[in-house]
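Please view the sequence and the model together while reading the points below.

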Amino acid sequence: MAGDDEPIADGEAAAESDDESVVESDGETAVEPDNETAVEPDGESLEENVGQRFDRLPATAAERRVEGRATREEVVDYFADRFGIPAETFEEYTFWEKGAGKIWIYAGEAPSPIEIEAIGMTCLRTRQEHWKPTTDFVQRFGRRATDCVIELSREEARAFIDGQDQDLEWNGDWGYLIAAHEIGVGSEGRPGRDGEAVEGAALEPLGVGLYVHGELQSVVPKGRQRSVSDRR
Amino acid sequence: MEPLERYRPIIDDFEAFLEACRRPLGTAVRVNTIKASVERAIAVLSETGTAYERVDWNPRVLRLETDSPGSTWTSFHGFTYGQEEVSAVPAGVLDPQPGERVWDACGAPGGKTTQIAALMDDRGTVVANDNNLGRLSALRFNAERLGATSLAVTNQDARNFSMKPFEFDRFDRALVDAPCSCEGTIRKNPDALEDWSEDHLHSVAGIQKGILRRAIQTTREGGTVVYSTCTFAPEENEAVVQHALENEPCEVVDFDLGLEHSPGVTAWDGEEFDPSLEQAARIYPHQNDTGGFFVAKLEVTA
Ligand SMILES: C[S@@+](CC[C@H](N)C(=O)[O-])C[C@H]1O[C@@H](n2cnc3c(N)ncnc32)[C@H](O)[C@@H]1O
């Protein structure tokens, strides 16, 4: 469409991959497989159900019908235990699985199962030893995190979102961390409704990093990486 | 520019119109209030040295002094979405409320879908549809960057959209941001008129009529349907709404718009349209130094 705002991949995208792919920015078009795969080779390549079927997660293990499927309780506990994101954050959301292990978070109405293209946003990979939240999830909900948040300087943040791995000091747990930085401070945080600020936010989450052996690996998906150069 | 000559009789100050169409368009972004308040987005822009200007008709639209709005911190954080200024009009006219069920019939790549979700505080159900799978994957990418959790994404021909995947059978509101001949994007895409032909216009009008009718059918009595295009051709605008008025239970209703605009036309090429079509809005490039746009608001009456 000539009328598009943010530009679209010209070859009309490789469609149906579940990767965080495609589009945007200044004519720079990225249709790339999820490079998060590079990080943890074994559990990462998801086989998607051809039927595009989403199933709502069972509330607890007692209601689990499908082998290996995470429960809502486990997911909410994971976010609380690992990152300190309060369980109440998710009270009005439902969690869904499509294929093996990819979990989606949704605020709307839908019957389960449902066969559509997407429901809400991807938030977590399960069915692997170390669960991994998505970049977009931590950007959306990670402001409430109190644990496993590594603060980066502007320079480090710029390298991180450009996909670079960095040697950094960190005294907490190894594994997946939320990388965050201070930006746009001085104004209140996000609004509950347009223009009305309800919560302050000092650190702004950038995405997910994998911390091992003194190194923070950026697992920002290729299509989400950016080269940002500040004018000052 | 030649194809635009046919609009000389309906556009006031046609020379200013042509002149504006020849000028390239600057860069605009919409603040994504799902992730940041306008104040916060502006603080980030200032801190990182990106000059901006606010527009007076919409607090969430900013004009940026950069050619690469995608390489900014606000874009990476999903605080802003690159969108033509006038593109922010239809979602505002739709006026969706938190908790509602809303259908975006032609949603990809997601600019208006995510704006609808933001206006609903990301609470409720926004069914984002498009018949083009490649464009739909762009929509999904954009929606995740902007943190929209209220979207259900479907891949159907909107003309015979099936409600079967869902448990409800009517929407509260629907937006038809139709595929069109895109004449109004000439300032952004100088070759927008290259493939222009009257035949194309008529064939796309057929699709537009089918989608708008389906949107009215799937919206509850008293619900709202907004029809928009980025083109000037009455065949794709007033004539499409006229077709809906004749075939579906609906009426054209008035709305406020903080941008200068002209009323919809009631006659074109020997055809007469319902007088209520004057309540539609035609936004011309010379009026607000933007792209061109058409918007009509309908209420479903049965
Ligand atoms: C003007 S664009 C929509 C832009 C979008 N609303 C936004 O704001 O980002 C029109 C869209 O209609 C889609 N389309 C064309 N014919 C369709 C049909 N029969 N059913 C559903 N979508 C259709 C195209 O693929 C295209 O993405």
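## A strand pair between chains

Strand β5 of chain A pairs with strand β7 (residues 151–154) of chain B in the antiparallel sense, over 2 bridges. Within β7(B), the residue opposite A:I119 is B:A152. The model is a predicted one.

**The interface of chain A and chain B**

- The contact involves 74 residues of chain A and 78 residues of chain B.
- The size of an interface is often expressed as the accessible area that is lost when the parts come together.
- Between chain A and chain B the buried area is about 6,300 Å², and carbon and sulfur atoms give 49% of that area.
- Residue pairs in polar contact between chain A and chain B number 23, counting pairs in which both residues are at pLDDT 80 or more.
- On chain A, the elements that each supply at least two residues of the side touching chain B are β3 (102–106), β5 (118–119), β6 (121–125), α3 (135–141), α4 (154–161), β10 (175–182), β11 (191–193) and β13 (203–212).
- By class, this side of chain A consists of 29 nonpolar, 17 polar and 28 charged residues.

**Salt bridges**

- Side chains of opposite charge can pair when their charged atoms come close.
- Over all chains, the count by the rule used here is 26 salt bridges.
- Across the interface of chain A and chain B, the rule finds 5 salt bridges.
- A:R154 forms a salt bridge with B:E47, with 2.8 Å between the closest N and O atoms.
- This pair crosses between chains: A:R154 belongs to helix α4 of chain A, and B:E47 to helix α2 (residues 38–47) of chain B.
- Another salt bridge joins the side chains of A:R140 and B:D122, at 2.7 Å from N to O.

**The sheet of 6 strands in chain A**

- In chain A, 6 strands form an open sheet with antiparallel pairing, in the order β4-β1-β2-β3-β6-β7.
- The edges are held by β4 (114–115) and β7 (132–133) of chain A; each has a single partner strand, so one side of each is left without a neighbour in the sheet.
- Within this order, β3(A) and β6(A) run antiparallel and are joined by 4 bridges.
- A:I105 stands opposite A:M121 in β6(A).
- Helix α2 (residues 72–83) of chain A packs on the sheet, where it touches β2 (94–98), β6 and β7 of chain A.
- The direction of helix α2 of chain A makes about 105° with that of β2(A).

**The sheet of 5 strands in chain A**

- A further open sheet in chain A has 5 strands in the order β8-β10-β13-β14-β9, with mixed pairing.
- Its edge strands, β8 (149–151) and β9 (166–167) of chain A, each pair on one side only.
- Strand β9(A) is joined by 2 bridges to strand β14 (residues 215–218) of chain A, and the two run antiparallel.
- Opposite A:Q166 stands A:L216 in β14(A).
- Helix α4(A) lies across β8, β9, β10, β13 and β14 of chain A, and runs at about 65° to β13(A).
- Helix α4 of chain A is also among the elements on the side of chain A that touches chain B.

**Local features in loops**

- A:G84 is placed in the loop between α2 and β2 of chain A.
- Leaving aside residues up to four places away in sequence, A:G84 touches A:F79, A:R144, A:T146 and A:D147.
- The C-alpha atoms of A:G84 and A:G142 are separated by 9.5 Å, while the two residues are 58 residues apart along the chain.
- The peptide bond from A:S112 to A:P113 is cis, with omega near 0°, and A:P113 is found in the loop between β3 and β4 of chain A.
- In chain B, the peptide bond from B:A108 to B:P109 is cis, with omega near 5°.
- B:P109 lies in the loop between β5 (101–104) and α5 (111–119) of chain B.
- A:R127 is not a glycine, yet has a positive phi of about 55°; A:R127 is located in the loop between β6 and β7 of chain A.

Methods
Residues are numbered from 1 along each chain as its sequence is written. Chains are lettered from A and ligands numbered from 1 in the order in which they are written. This is a predicted model: local features need pLDDT of at least 70, side-chain atom pairs count only at pLDDT 80 or more; totals for chains, interfaces and linings use all residues. Side-chain values use heavy atoms; hydrogens and water are left out. Contact means heavy atoms within 4.5 Å. Buried area is the accessible area (1.4 Å probe) that two parts lose on being put together, summed over both. A salt bridge is a side-chain nitrogen of Lys or Arg within 4 Å of a carboxyl oxygen of Asp or Glu. A polar contact is a pair of N or O atoms within 3.5 Å; within protein, one must be able to donate a hydrogen and the other to accept it, and residues adjacent in sequence count only if both atoms are side-chain atoms. Ala, Val, Leu, Ile, Met, Phe, Trp, Tyr, Cys and Pro count as nonpolar, Asp, Glu, Lys and Arg as charged, and the others, Gly among them, as polar. Two strands pair if DSSP finds at least two bridges between them. Axes are lines fitted to C-alpha atoms, for helices over the stretch in contact, and angles run from 0 to 180 degrees between N-to-C directions.
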